[in-house]
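Hi,

Here is the model I said I'd pass on.

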Amino acid sequence: MSKNQYQKFTLGDKLTEEQIAFFDRNGFIHFEKFASSEEVKQIIRSTEDVQNMWISNDVKKINGVPIKYGHDENGNKIVHRFCFTSQYSEAVHRFVGNPQLEALKALMPDGARIAENEKDGVVFNHYVNVENSNFRQMGWHTDSMRDVFYGKKVLPMLNVGLYLDDSSADKGGLRIIPGTHKQNIFSMLFKKAYFLNNEKDKHEMLVDAKAGDLVVHDGRIWHRVAMSPHLGEKSRRRVMYIPVIVGKYQPKTDDSSTPLYHHFQKLVR
Ligand SMILES: O=C(O)CCC(=O)C(=O)O
Ligand SMILES: [Fe+2]
């Protein structure tokens, strides 16, 4: 697989053997043109409504998970990181219920489920590079590290990303190190300094996606989001993540405490 050139697929009712083998080997898989532009527009519009509601009600946390706020290029307050999004947005909830997503469970052990009200639920990230932005990049990490923070065994998990904007190197973009989902626990913990390290890695690969594409990654894979070389609108990057998990059902409620993991996430800027 040459650098930044990888095979892209189309998601049908069932994963093909080739798709399963690609995911198993690389720890990620990219499906083009999954959502229509109308669906993408509806989701964006709906998260803007949620954003306005959270801002006017001064909502700080959902189920113990902090909402990350910031400012856009016009100085308006925005939500950079939404959590449990599908509980507030009908359009997102509908998308998450799309039966076609069920096919992805072939990448997981039996009994896997979409976690709408566990962990951080459906996360929606909105990056924009402005001066003093605190959400224009994200340092190296694995998502499975959260399990370690929760004091749990690392169980298989998928993060299913839906792109709402085109995202290539001009947006900074998602960089992943293919194959690192097969590393041992020591590498998962210590290969890189969690969130503090934003350095390019010689094995990293850019996920070059268009709005509507679906990119699935294994929770154990190392990844980061690079900073856009542009400011303002040209740097805008919105992507939504749907977690697919296994293990004991552990729904969050208003009374849930803030996971230790989120104190770590403050390092993201
Ligand atoms: O924005 C992205 O594409 C990745 C975000 C991410 O890695 C995360 O929220 O854990
Ligand atoms: Fe991540």
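Below is what I found, starting with the ligand.

First, some housekeeping: this is a predicted model, where local features need pLDDT of at least 70 and side-chain atom pairs count only at pLDDT 80 or more, while totals for chains, interfaces and linings use all residues. Residues are numbered from 1 along each chain as its sequence is written, and chains are lettered from A and ligands numbered from 1 in the order in which they are written.

Around ligand 1 you'll find Val-123, Asn-125, Met-138, Asp-143, Gly-161, Leu-174, His-223, Val-225, Val-239 and Tyr-241. A residue gets into that shell if its C-beta atom, placed from the backbone, lies within 6 Å of the ligand. Sorted by class, the shell holds six nonpolar, three polar and one charged residues. Here Ala, Val, Leu, Ile, Met, Phe, Trp, Tyr, Cys and Pro count as nonpolar, Asp, Glu, Lys and Arg as charged, and the others, Gly among them, as polar. Strands E7 (123–127), E13 (223–225) and E14 (237–245) each contribute at least two shell residues. Helices (H or I, at least four residues) and strands (E, at least two) are DSSP runs, numbered from the N terminus.

Next, strand E9 (residues 157–163). Seven of its seven residues are buried, so E9 is largely enclosed by the rest of the structure. Buried means 20 or more other C-beta atoms within 10 Å of the residue's own, exposed means 12 or fewer, and partly exposed is in between, with C-beta atoms placed from the backbone. Met-157, Asn-159, Gly-161 and Tyr-163 point one way from E9, with Leu-158, Val-160 and Leu-162 pointing the other way. E9 pairs with E14 in the antiparallel sense over seven bridges, and Val-160 sits opposite Ile-242 there. Pairing takes at least two DSSP bridges between two strands. E9 also pairs, again antiparallel, with E12 (residues 214–218) over five bridges, where Asn-159 faces His-217.

There is also an open sheet of four strands, ordered E8-E13-E10-E11, with antiparallel pairing. Its edge strands, E8 (138–141) and E11 (205–207), each pair on one side only. Within this sheet, E10 (residues 174–176) and E11 share three bridges, and Leu-174 is opposite Val-207.

Last, Glu-32 is in the loop between strand E1 (28–31) and helix H2 (37–56). Glu-32 is partly exposed, with 14 other C-beta atoms within 10 Å.

Cheers
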